[in-house]
Protein chains: 4
Amino acid sequence: MGALSDLQPILDRIGAEMAEAPDRGRVADYIPELAHVSDRQFAMAVCLPDGQCLTSGAADTGFSIQSISKVFTLAIALGRLGDQLWTRVGREPSGLSFNSVVQLETENGIPRNPFINAGALVVTDAILTGRTPREVLGEVLRFLREAASDDDIHINKAVAASEQAHGHRNLALAHFMAAHGNLVNPPALTCGTYFHQCAIEMTARQLAMAGRFLMGAPGAARLVSPARVRRINALMLTCGHYDGSGEFAYRVGLPGKSGVGGGILAIAPGRASIAVWSPGLNEQGNSQLGTLAIERLARATGWSVFG
Amino acid sequence: MGALSDLQPILDRIGAEMAEAPDRGRVADYIPELAHVSDRQFAMAVCLPDGQCLTSGAADTGFSIQSISKVFTLAIALGRLGDQLWTRVGREPSGLSFNSVVQLETENGIPRNPFINAGALVVTDAILTGRTPREVLGEVLRFLREAASDDDIHINKAVAASEQAHGHRNLALAHFMAAHGNLVNPPALTCGTYFHQCAIEMTARQLAMAGRFLMGAPGAARLVSPARVRRINALMLTCGHYDGSGEFAYRVGLPGKSGVGGGILAIAPGRASIAVWSPGLNEQGNSQLGTLAIERLARATGWSVFG
Amino acid sequence: MGALSDLQPILDRIGAEMAEAPDRGRVADYIPELAHVSDRQFAMAVCLPDGQCLTSGAADTGFSIQSISKVFTLAIALGRLGDQLWTRVGREPSGLSFNSVVQLETENGIPRNPFINAGALVVTDAILTGRTPREVLGEVLRFLREAASDDDIHINKAVAASEQAHGHRNLALAHFMAAHGNLVNPPALTCGTYFHQCAIEMTARQLAMAGRFLMGAPGAARLVSPARVRRINALMLTCGHYDGSGEFAYRVGLPGKSGVGGGILAIAPGRASIAVWSPGLNEQGNSQLGTLAIERLARATGWSVFG
Amino acid sequence: MGALSDLQPILDRIGAEMAEAPDRGRVADYIPELAHVSDRQFAMAVCLPDGQCLTSGAADTGFSIQSISKVFTLAIALGRLGDQLWTRVGREPSGLSFNSVVQLETENGIPRNPFINAGALVVTDAILTGRTPREVLGEVLRFLREAASDDDIHINKAVAASEQAHGHRNLALAHFMAAHGNLVNPPALTCGTYFHQCAIEMTARQLAMAGRFLMGAPGAARLVSPARVRRINALMLTCGHYDGSGEFAYRVGLPGKSGVGGGILAIAPGRASIAVWSPGLNEQGNSQLGTLAIERLARATGWSVFG
């Protein structure tokens, strides 16, 4: 790609194309707080190493980051526990849906990777040990606020409460891991903390800002070391979109992590931290237009890690 | 990384380290032709965009490329059929071992990706349709010889015969897909062709040379288009090491494809085509020292695609 | 039940009810030879310990016994190998469909029981060892003719040929077991023998006659010992109707074995050998009206083994 | 079998043989209350239609009936809900271990049968709806006391508390079914009730007495109708021993239900209600000596339902 001056027109064009896209996917409806969001919404934000942040669409509208929070709790957990974390969770794609319990049964309660629900519960459980949920959630928010250089990042309490009320599947995963000795805290406590981290609300701009440490932005190494950043990116690429991870890698070619709220955080190492948001989901539970928008951005910029 | 002059010492050092590595994995023993290869063997070759090719160890000793052949047949099949190929095979990591039949049963005979055995059989079946095995194998060899700029690449007939004699598992996969209407040719014919492609013998130098089209070497686009190269690299990264693909991405950070003969082809897009060979395998069936060698190379050079 | 004189009216009534049944299931259509049979057909035959055989419907029309043949090859195999057979095949219900390969993969190529296809292939393979398919099929026919006291029992060659032409799934199972060392003969040979045993044609009267040794008919012990008869009956009850075995036990309460040709052989120990035939199948692949007819017979006679 | 006078010597002989059996299985150790029971214990009780009850061994020592309670809650649930119960739970053997969650995932939260843990939780949930756990447990105890004609049957509170403390796996199953809409009450409430029903303590004599309604004892039809008894027996035969059900049918030939406390209730329809107890379990989690004792009893008496 040429100079920075070329990027804004690309974002504008993608934003215009997404506004007219006929197939917008299906908004998650398992809790009312997500279901009422309009599928017309679209936002995109791109932060560059020089500190600039370009946007398109509703980049200052908040949305529920949901599973994207798993990237940040993973970074925190690796900071606290180091490689010891990997005794409790694997690093392989699961080949199954995000909340499958089958793999847990055949592999002794060790989740495949930290981005499926079971694995994210283990990560949250790991950073919860010895502390209260309030302390852990405080740390997560502080991490996000510092990473994003923005203090206006909060938990949506109504979403958290609703997650809790519809949390049977995650509680099942947590009890299952507890039965295998792979959960330290009571399932209700770990799940409660997890439901709150998923209910964090951020704008596309804030999310792209918060992801800068993953592109290796100058100064970001104080948050997470370069070696660890590389590894988190690798996990995002192989496991970040559940059973659609291979497809995202094939089409987009960037590490990314999606959330059921319609957000996606994608990283072009050394080049950009990208956030998109569009609430309609595809069959794998990833943002339909968000994926398409990043695919077009990656093609227009040549940012694919694959050449 | 600095200048090219820095690379040879790195290769020399890695070669020396590998010669002394105590845990060399376990040589594949399902056919005698592979079992008799010494686990002391090690070779590495790195081809750069400027045409140079640096090596370490037994880089001119031939070995059985086995599943690495799947990368080349995939490139050929995409050239012949284009995206139509994807109606018969998926693009997702499988989360299961390389020759599992479970996924086929639950997903109607459509293999998860072209790098597990079932998927590779579909790819071979696709390029076999309307032709003889001899014609197909001729095309594969021509592709490899042209890609490697080396005419001295052949099929080891003894290995092919032995594969055939121990091919029940692949025949089971082929018949299973035939039962689901996802095989055009008789299972014995498709498998026979596949056994021969796996029995191709190459040196590490030849393999690194043959992989140059995947790093985007100047002029390589006449073999495979850049867009297609990106996608093959994406598939190699997410699926190239079976149920150890996530681990390879995490540790090495490069697209790669391993073979049970102990070879690995890895690509640093825009920077290098890398081949290693060491016959001992780890638990996932990938070269134990080969993986370690590429991990060290990627760390020393900063070639990881993840930053 | 009262005297024998009460039984014929029961059969007549059931035959009349079945003639008018609206939901007749779906005739198997995977080979043309089965697909062309009319779903209007119905037959029932009941043989009693005193030698009498009562019938209703088309009891002298031949049909393809298909998987019911597995009962007879099991009896032959147990006669030849005794309990040694159980090192190669289990005795548990599978909880999966009749031709599933999933269980084989997770349990090292040992089929769950002799009545799923994989298990029946092992049984046939066991009695084939050291002999030709012709010899084995000759023995099966001799056994049936002697058990039925009727020499007019033959293999339908067109059905056998058609099975062979559509036999990919069974060949997959056979190759899979060969890969696990649980098949002695070449898969094509074992499957070929199996396809022919499935293509045996019998009438309902012949089948009920042939099943008398399983009810403990006087003199039947010369064919199979009482202890072995009990065990075959137990296997029929727990595994005889694939993934509908529990349902058959619940509704009918008798050991039974169904075939995809629409036949069912059921045994009321000490009381009757029962054969029904109606080509339409239910979702589990068992005769829709055949199951209903035996259920009504068992209720009218009180023959359920469960009280 | 001959006269009743022949039965006591058979019981005595079996009791003597069991006292000397070298391989006594392994006592369940997941809760201390079960782990401390001596594996030397053995008891057997046989109730006949004429009201007599013969015993051998420690027939008046109480033990934890555990999963045998599922037979009685099933009888109660069928009495309350009739066939409507079957919309929430199936009637097929599972082919998997007693507490597997895999089947639930692939079959939408509908357990395979009422005797695996998930199915038993649904049954308990069904009779709990609209009532308190205290009321339900009161009904279960009243049912047992009336069936056994013995008021001295109680819940062991320490065992119940311990089950609760180690109940993660069952809570996982319950939450999982709740996520699929197949649980009416809060998982903790349904599981709490279930843990208490499993903690009921009975002697072998009491258990054999309580099982008389399943053999069709005179007057028992007031508790459960004959048609329903037949069906419960059918379920016990096909599903009563988890993944060892086929084996029990093959070896013993009687409907039966085991518990992890080492008890087994078996029914010879029209002939006997049989209870055995020996705490050591085999690999499938069923009483090692209990199974052997009933096998010998069935052989000596000819009570197998299979002829």
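User: Is Arg251(C) buried, partly exposed or exposed?

Analyst: This is a predicted model, where local features need pLDDT of at least 70, side-chain atom pairs count only at pLDDT 80 or more, and totals for chains, interfaces and linings use all residues. Side-chain values use heavy atoms, without hydrogens and water, residues are numbered from 1 along each chain as its sequence is written, and chains are lettered from A and ligands numbered from 1 in the order in which they are written. Buried means under 20% relative accessible area, exposed over 50%, and partly exposed in between (1.4 Å probe, protein chains only). Arg251(C) has a relative accessible area of 28%, so the class is partly exposed.

User: Which residue forms a salt bridge with Arg251(C)?

Analyst: A salt bridge is a side-chain nitrogen of Lys or Arg within 4 Å of a carboxyl oxygen of Asp or Glu. Here the closest N and O atoms are 2.7 Å apart, and the partner of Arg251(C) is Glu295(C).

User: Is Glu295(C) buried or exposed?

Analyst: Glu295(C) is found in helix α14 (residues 288–301) of chain C. Helices (H or I, at least four residues) and strands (E, at least two) are DSSP runs, numbered from the N terminus. The relative accessibility of Glu295(C) is 8%, so this residue counts as buried.

User: Which residues does Glu295(C) touch, leaving out those up to four places away in sequence?

Analyst: Contact means heavy atoms within 4.5 Å. By that rule, Glu295(C) touches Arg251(C) and Val252(C).

User: How many residues lie between the ends of a link in chain B, counted as how far apart Arg205(B) and Asp60(B) are in sequence?

Analyst: The side chains of Arg205(B) and Asp60(B) meet in a salt bridge, at 2.8 Å from N to O. Arg205(B) is partly exposed at 29% relative accessibility, while Asp60(B) is exposed at 52%. Arg205(B) sits in helix α10 (residues 204–210) of chain B and Asp60(B) in the loop between β3 (53–57) and β4 (62–64), so the pair ties together parts whose separation in sequence is 145 residues.

User: Which residue of chain B meets Arg112(A) in a salt bridge?

Analyst: Arg112(A) counts as buried, at 7% relative accessibility. Within chain A, Arg112(A) forms a salt bridge with Glu107(A), with the closest N and O atoms 2.9 Å apart. Across to chain B there is a salt bridge too, at 2.8 Å from N to O, and the partner is Asp243(B).

User: How many salt bridges are counted between chain B and chain A?

Analyst: Over all chains, the search finds 52 salt bridges. Between chain B and chain A, the count is 4.

User: What is the area buried between chain B and chain A?

Analyst: Buried area is the accessible area (1.4 Å probe) that two parts lose on being put together, summed over both. In this pair, 28 residues of chain B are in contact with 28 residues of chain A. Carbon and sulfur atoms give 56% of the buried area, which is about 2,700 Å².

User: Which three residues supply 29% of the area that chain B buries against chain A?

Analyst: Buried area can be split by residue, and one trio supplies more than any other three residues of chain B. The trio is Arg91(B), Tyr250(B) and Phe306(B).

User: Why do the copies meet through the same surface?

Analyst: Compare the interface residues of the two chains. The copies meet through the same surface because the share of interface residues of chain B that are also interface residues in chain A is 100%.

User: How far apart are the closest C-alpha atoms of chain A and chain C?

Analyst: No contact joins chain A and chain C. Their closest C-alpha atoms lie apart by 10 Å.

User: Is Tyr242(C) buried or exposed?

Analyst: Tyr242(C) lies in the loop between α12 (226–239) and α13 of chain C. Its phi is positive, about 55 degrees, although Tyr242(C) is not a glycine. At 10% relative accessibility, Tyr242(C) counts as buried.
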